[in-house]
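Dear colleague,

I am passing on the structure we spoke about, together with some notes on what turned up when I went through it. Please look at the model first and then read on.

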Amino acid sequence: GGRGWYTITIPANASTTTMWLTFHNGAGGWDSNPEGVAGEKGHYLIPQKGAHVIKDSIVTQVETGMDPVLVVTDLDGTLVGDDAAHSDFVDRWLRQLAPRGG
């Protein structure tokens with residue numbers, strides 16, 4: 001992972017279809033997913049095999065089969081000064097592009 005990120009690889013057998021995760025900071029604090037799935041507040045559901053990102057309590061599967069991305073931003077002046085566009089870009093970068101090696 002990068003700064004502030006952790007990467008884990010969990011081997012799964014052929015019959016594994018889903019996985020539940022919970023996180024602990026090692027100092028007594030649990031990360032509680034505020035939404036939860038199917039009444040499992042505090043747990044994160046990984047719905048299928050593959051790479052996933054958990055950011056802001058949201059599980060996102062990383063798109064596969066795509067090349068890494070090199071980003072050169074704001075050549076057309078549409079990102080700087082547009083807080084919503086900047087926020088959308090950062091979210092997309094952290095959930096999809098950076099985990100793919102971008």
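**Pocket, hairpin and salt bridges**

The residues that line the largest pocket divide into 17 nonpolar, 15 polar and four charged. Please keep in mind throughout that this is a predicted model. The largest pocket holds about 1100 Å³ of space, and of the 36 residues in its lining, those closest to the centre are Y6, T7, I8, H52 and V53. Strands β1 (19-21), β2 (23-24), β4 (44-46) and β5 each supply at least two residues of that lining, and β5 gives the most, with four residues.

Strand β5 (residues 52-55) pairs with strand β6 (residues 58-61) in the antiparallel sense, over four bridges, and one of the residues already named for the pocket, V53, has T60 as its bridge partner in β6. Two residues lie between the strands of this hairpin, and D56 in the turn has a positive phi of about 55 degrees.

I then turned to the charged side chains, and the question I began with was how many salt bridges the structure holds. There are three salt bridges in the structure.

One of the salt bridges joins the side chains of D91 and K55, at 3.4 Å from N to O. This pair links distant parts of the chain, since D91 belongs to helix α1 (residues 83-97) and K55 to strand β5, 36 residues apart. As for accessibility, D91 is partly exposed, with a relative accessible area of 27%, whereas K55 counts as buried because its relative accessibility is 16%, which is under the 20% cut-off.

D91 also forms a salt bridge with R95, where the closest N and O atoms are 2.8 Å apart. D91 and R95 are four residues apart in helix α1, and so they are separated by about one helical turn. Taken together, K55, D91 and R95 are linked in a network of salt bridges.

Is R95, then, buried or exposed? R95, which has its place in helix α1, is buried, with a relative accessible area of 9%.

The remaining pair to describe is R92 with E63, a salt bridge in which the closest N and O atoms are 3.3 Å apart. R92 lies in helix α1 and E63 in the loop between β6 and α1, so the pair ties together parts that are 29 residues apart in sequence. Both residues of this pair are partly exposed, R92 with a relative accessible area of 36% and E63 with 31%.

With best wishes

Key
Residues are numbered from 1 along each chain as its sequence is written. This is a predicted model: local features need pLDDT of at least 70, side-chain atom pairs count only at pLDDT 80 or more; totals for chains, interfaces and linings use all residues. Side-chain values use heavy atoms; hydrogens and water are left out. Two strands pair if DSSP finds at least two bridges between them. A salt bridge is a side-chain nitrogen of Lys or Arg within 4 Å of a carboxyl oxygen of Asp or Glu. Buried means under 20% relative accessible area, exposed over 50%, partly exposed in between (1.4 Å probe, protein chains only). On a 1 Å grid over the protein atoms alone, a cavity is a set of points where a 1.4 Å probe fits but cannot get out, and a pocket is an open set with protein on both sides within 12 Å along at least five of seven lines; lining residues have an atom within 4 Å of a point. Grid points are joined across faces, edges and corners, and a volume is the space filled by probe spheres set on the points. Ala, Val, Leu, Ile, Met, Phe, Trp, Tyr, Cys and Pro count as nonpolar, Asp, Glu, Lys and Arg as charged, and the others, Gly among them, as polar.
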